[in-house]
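Here is a briefing on a single protein model. Keep the sequence and the 3D view open while you read.

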Amino acid sequence: MATGNLDKQKTIDLRKKHVGPSCKVFFSHDPIKIVRARGQYMYNEKDEKYLDCINNVAHVGHCHPDVVEAGAKQMELLNTNSRFLHDNLVLYAQRLQATLPEKLSVCYFVNSGSEANDLALRLAWQYTGHKDIITLENAYHGHVSSLIDISPYKFHQMAVAEPSQHVHVALSPDIYRGKYCEDHPDPATAYAENVKDIIEQAHKKGRKIAAFIAESLQSCGGQVIPPVGYFQKVAQHVRNAGGVFIADEVQVGFGRVGTHFWGFQLQGEDFVPDIVTMGKPIGNGHPMSCVITTREVAESFMSSGMEYFNTFGGNPVSCAIGLAVLDVIEKEDLQGNALHIGSYLTQLLDDLKKRHLLVGDVRGRGLFIGLDLVRNRDKRTPATAEAQDVIYRLKEQRILLSADGPHRNVLKFKPPMCFSREDAELVVEKIDQILTDLEKTLGLQMSEAVISENGHTKRKEPSDENGLVHPSNGSSHSHKHTVTLPHDKKTNKRQKT
């Protein structure tokens, strides 16, 4: 049977019957059936076009012809495992290493970000002889058991959310919602000291640190950009304790941040992780991933006496596809596009913030941007329900966006890297209209306020517990920048998208 021929309801029924119920779909009340895609666009069974603002897997664009051709040609010729010599494997390893600092020189090819992070833990445990892992609040590193243990984003959803004894959770280096915010004189040092304190407490209990692991920019944690210098200071504390630093680039690598090829490079040239993991965009939708580490760590792993073999990791087809992705990034200057279009999108969102007090913060690098929606700017109260409203209304206008973060109130922009100025203008225009419509429909007003440069209100009227201002009788306020919020959306309960 050809794909895409089933009635949509039949597809839904078969999915409910044969696919695990914990495997969720976007917009569960009315899921979208996608039958084809190209570039930054996806098409449903009616051939209606959706602008994809969330798919960082289709890194160089959905179904890029160069990537498709490279995979098909190699598949026609040979696909086998890495126990046989093949040029694709070594050429791809060489090409990938050339994007990284020289000391990161040894590759292990696997098939998913989860496999990569699981292997990174094995490397750390073997190299250090230690067991304990330090992870960050709201972190997500994968779905296998070893990674659920170090992913508070996941294990906090469980009925019994008790972390393993060997896992220590450090503060997320969030300068908007974290313990140390943008007004702190040195948030990088303050957050790094928290990691140092964790290490000292672990040592008092006779425990030893094997690794600190962090996404170079937190994604599921709410598009968090660590302050510059944080990783260097953390690495020093961790290495002094005999541990290693693992940089998880699964979400943000391969030029997405614009100014650099890898997210960890935003911290400065003086920072080099001991292990880097990558996935998602590496194969533009083809299942592949990689762990790159130092010669010393690799030799230690070898000394265990156990061979490492991965049936599909580094196969000729995957490596051909990986090489094609790198070629397209270079040929089409997609890193440059991420920088320029990402800067433009950020500017548009900053302008949106000036018009809507519901927008608390705009943060990001390149085409990795978060729009943090709030009920009250001074209290930074998460606007969870409002974020869901925006997402659903965008979906009705055939624009795909998602919300994440611990309160599910951060709109996430991480589109294919071929995203254009026109795409940026369209999505921001629609968000602007939706926020304006919410204000008018709900019949509530924030006071006319003078907004300072950092986004706080300098003058405000008395408000209720949600930060809502109710105009007094006879009030003639009708300011176009007012934000109106519903009384019945007081909780931060997650809504399915």
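Where does Lys 179 lie? Lys 179 sits in the loop between strand 6 and helix 7. The model is predicted: local features need pLDDT of at least 70, side-chain atom pairs count only at pLDDT 80 or more, and totals for chains, interfaces and linings use all residues. Residues are numbered from 1 along each chain as its sequence is written, and side-chain values use heavy atoms, with hydrogens and water left out.

**Overall**
- The protein has 13 helices and 16 strands. Helices (H or I, at least four residues) and strands (E, at least two) are DSSP runs, numbered from the N terminus.
- Of the 497 residues, 55% are buried. Buried means under 20% relative accessible area, exposed over 50%, and partly exposed in between (1.4 Å probe, protein chains only).
- Among contacts with a separation of 6 or more, 72% join residues 24 or more positions apart. A contact means heavy atoms within 4.5 Å.

- Lys 179 is exposed, at 60% relative accessibility.
- Lys 179 touches Leu 171 and Tyr 191, not counting residues up to four places away in sequence.
- Lys 179 and Tyr 191 are twelve residues apart along the chain, and their C-alpha atoms are separated by 8.4 Å.
- Ser 172 is also placed in the loop between strand 6 (167–170) and helix 7.
- Ser 172 is buried, with a relative accessible area of 3%.
- The Ser 172 side chain makes a polar contact with the side chain of Gln 218, at 2.7 Å. A polar contact is a pair of N or O atoms within 3.5 Å; within protein, one must be able to donate a hydrogen and the other to accept it, and residues adjacent in sequence count only if both atoms are side-chain atoms.
- Residues up to four places away in sequence aside, Ser 172 touches Leu 136, Glu 137, Tyr 191, Gln 218 and Val 224.

- Helix 7 has 18 residues and reaches 26 Å from its first C-alpha to its last, close to the expected 26 Å. The expected span is 1.5 Å times one less than the number of residues.
- The buried residues of helix 7 include Ala 190, Tyr 191, Asn 194, Val 195, Ile 198 and Ala 202.
- Cover for the buried residues of helix 7 includes strand 5 (132–136), strand 6, strand 7 (209–215) and helix 8.
- Helix 7 (residues 187–204) and helix 8 (residues 230–240) pack at about 20 degrees, with their axes 8 Å apart. Axes are lines fitted to C-alpha atoms, for helices over the stretch in contact, and angles run from 0 to 180 degrees between N-to-C directions.
- The two helices are therefore roughly parallel to each other. Roughly parallel means an angle under 35 degrees.
- On the helix 7 side, the contact includes Ala 188, Tyr 191, Val 195 and Ile 199; on the helix 8 side, it includes Tyr 230, Val 234 and Val 238.
- The crossing of helix 7 and helix 8 is right-handed. A crossing is right-handed if the near helix is turned clockwise from the far one by less than a right angle, and left-handed if anticlockwise.
- Just after helix 7, Gly 206 has a positive phi of about 80 degrees.

- Helix 10 (residues 316–331) has 16 residues and reaches 22 Å from its first C-alpha to its last, close to the expected 22 Å.
- Of those 16 residues, 13 are buried, so helix 10 is largely enclosed by the rest of the structure.
- Asn 315 caps the N-terminal end of helix 10, with a side-chain oxygen 3.0 Å from the backbone nitrogen of Val 317.
- Asp 333 follows helix 10 and has a positive phi, near 50 degrees.
- Helix 3 (residues 87–97) packs against helix 10 at about 35 degrees, with the axes 9 Å apart.
- The crossing of helix 3 and helix 10 is left-handed. Contact residues include Leu 89, Tyr 92 and Leu 96 of helix 3 and Cys 319, Leu 323 and Leu 326 of helix 10.

**Strand 11**
- Asp 361 is in strand 11 (residues 359–365).
- Asp 361 counts as buried, at 14% relative accessibility.
- The side chains of Asp 361 and Arg 363 make a polar contact at 2.8 Å.

Methods. Angles under 35 degrees count as roughly parallel, over 145 as roughly antiparallel, 65 to 115 as roughly perpendicular and the rest as oblique.
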